[in-house]
Amino acid sequence: MNTKYSDLINQTYYFPQEEFKLNKDNLQFHNIDLMKLVEQYGTPLKFTYLPQISNNINKAKGWFRKSMEKNKYEAKYYYCYCTKSSHFEYIMNEAFKNNIHIETSSAFDVNIVENLLENGKINKSTYVICNGFKRDEYISNIARLINNGHKNTIPIIDNYEELDLLQAEIKGKFKIGIRIAAEEEPKFEFYTSRLGIGYKNIVAFYKKQIQENDKLELKMLHFFINTGINDTAYYWNELVKCIKVYIALKKECPGLDGLNIGGGFPIKNSLAFEYDYQYMIDEIINQIKIACDEAEVDVPNIFTEFGSFTVGESGGAIYQILYQKQQNDREKWNMIDSSFITTLPDTWAINKRFIMLAVNRWNDTYERVLLGGLTCDSDDYYNSEQNMNAIYLPKYNKEKPLYIGFFNTGAYQETIGGYGGLHHCLIPQPKHILIDRDENGILATEVFSEQQTSDDVLKILGYSKKI
């Protein structure tokens, strides 16, 4: 009988895959020996494989280039990185090796932009797209950036008041964009996004407050669907509505030349993941081209704001199974040496699934289990794979330590989990390492942050040391 864990994976999925393969009994991720990482750094362990960031950026740029050539689309494509996915400097340093642009969400983002400019990571030709609801400090920071000469800064107007607030602080003429408030999917609890201005109001808003204003130059219409870029009737319907607004606005404002379709490319969350990126881009570009040609207006430059797609597939987490608890006749709980709430908060908050695989012991027999975290919280668990109704792992054996990995976790988890701060039940933040390759393909690792200590946590809590 085929009872090994390796048999289970091979029977369930196509395996090996581009980023996953076996070295005897152990899993490799992008040819990284994960057990060597465990032996060197211990667990729990977070890691970032930096080259995957550049890989995904260049894949997307290639897909858009190919599609524009195929459709004879005579405009430019601009890849923007959505900073809220991960603000860390090591992410920015890798991403901006690839001649891309940046999208911001809040006031402190602009301080990061200024740091990148000062250190030569970006330059005056880099587009800075400023999204989000803009409070006073965000407005002031955007104004400072523009007033200091960064003319490719484009604040995206989210509500009617922002225009006056920006004009009050920005000297001279500046560029702006307008965000469309998209209609949400029928299953949502509300009909229209809280972000942006309604479809029917945009042209009137332009005519009333922008058209005759010599200080303003409308350059971009911004469109984003919360559920992402998917081959569904809902997505294509919203895209068509957006293109119609762009064309109507373009006829009133000849200087408008940018259409920002936001982010929303999915990332691999299962070994069974399938998504035709090239097809989706071809369809988007084709629909924009057809509509603009029929309306006899020039096609717009295309901007995207990929965040999760940029960084998600670069991240991972490795845990040891500490102990197994048999709670009843059917349920076995494998306890990890950390907390899902602490280290992978999306698994708890929005029931998100990541790729989960055993790191070692692939030639051992397997069993059905549940995975539990260390906090005394009933919600601190991970109960199934995206496309399976249970988790199967090599059988627990106290004499043979078992390690498991969660992969493609690089977006949002550190910021949502409160990097460097307090965590539920004071479970410490794990050690985090960076993995890179040199021009010869040789791996190099370094510690970005050590595991939190009790002193780190007590200091945050306000406890002072006794003298």
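Predicted model: local features only at pLDDT ≥ 70, side-chain atom pairs only at ≥ 80, totals over all residues.
Is Cys-80 buried or exposed? Cys-80 counts as buried because its relative accessibility is 0%, where buried means under 20% relative accessible area, exposed over 50% and partly exposed in between, with a 1.4 Å probe and protein chains only.

Residues are numbered from 1 along each chain as its sequence is written, and side-chain values use heavy atoms, with hydrogens and water left out.

## Cysteines

Let us stay with the cysteines for a moment. A disulfide is a covalent bond between the sulfur atoms of two cysteines. Here the term is applied to a pair of cysteine sulfur atoms within 2.5 Å, and a search of the whole structure finds 0 of them. Cys-425 is in no disulfide either, and the nearest cysteine sulfur to Cys-425, that of Cys-376, is 3.5 Å away. With a relative accessibility of 35%, Cys-425 counts as partly exposed.

## Salt bridges

Side chains of opposite charge can pair when their charged atoms come close. A salt bridge here is a side-chain nitrogen of Lys or Arg within 4 Å of a carboxyl oxygen of Asp or Glu, and the structure holds 15 of them.

| Acidic residue | Basic residue | N to O distance |
| Glu-414 | Lys-46 | 2.5 Å |
| Glu-162 | Lys-134 | 3.2 Å |
| Glu-238 | Lys-241 | 3.1 Å |

Glu-414 and Lys-46 meet in a salt bridge. This pair links distant parts of the chain, with Glu-414 in helix H14 (residues 413–416) and Lys-46 in strand E4 (residues 45–49), 368 residues apart. Helices (H or I, at least four residues) and strands (E, at least two) are DSSP runs, numbered from the N terminus. Both Glu-414 and Lys-46 are buried.

The side chains of Glu-162 and Lys-134 also meet in a salt bridge. Here, too, distant parts of the chain are linked: Glu-162 is in helix H7, and Lys-134 is in the loop between strand E7 (128–130) and H6, 28 residues apart. Glu-162 and Lys-134 are both buried.

Glu-238 and Lys-241 give a local pairing, as both lie in helix H9 (residues 233–252), 3 residues apart, about one turn of the helix. How do the two partners sit relative to the surface? Glu-238 is buried at 2% relative accessibility, whereas Lys-241 is partly exposed at 27%. Elsewhere, Glu-217, Lys-219 and Asp-257 are linked in a network of salt bridges.

## Surface patches

Patches are made of residues with over 30% relative accessible area and no salt bridge, with like charges joined within 9 Å and nonpolar side chains (Val, Leu, Ile, Met, Phe, Trp, Tyr) within 5 Å.

Asp-136, Glu-161, Asp-164 and Glu-169 gather in a patch of negative charge. Asp and Glu count as negative and Lys and Arg as positive, while His and the chain ends are not counted; the place of a charge is taken as NZ of Lys, CZ of Arg, CG of Asp or CD of Glu. Helix H7 (residues 160–169) supplies the largest share of this patch, 3 residues. Asp-136 has its place in helix H6 (residues 136–147) and is exposed, at 61% relative accessibility.

The nonpolar patch is formed by Leu-422, Leu-426, Leu-458, Ile-460, Leu-461 and Tyr-463, which together have about 550 Å² of accessible area. Accessible areas come from the Shrake-Rupley method with a 1.4 Å probe, and for residues only the protein chains shown count as cover. Tyr-463 is found in the segment after helix H15 (454–461) and is exposed, with a relative accessible area of 57%.

## Backbone details

A cis peptide bond joins Phe-15 and Pro-16, with omega about 5°, and Pro-16 sits in the loop between H1 and E1. The bond from Thr-43 to Pro-44 is cis as well, with omega near -5°.

Phi is positive at His-30, near 50°, and at Asn-408, near 65°. His-30 is buried at 14% relative accessibility, and Asn-408 is buried at 2%.
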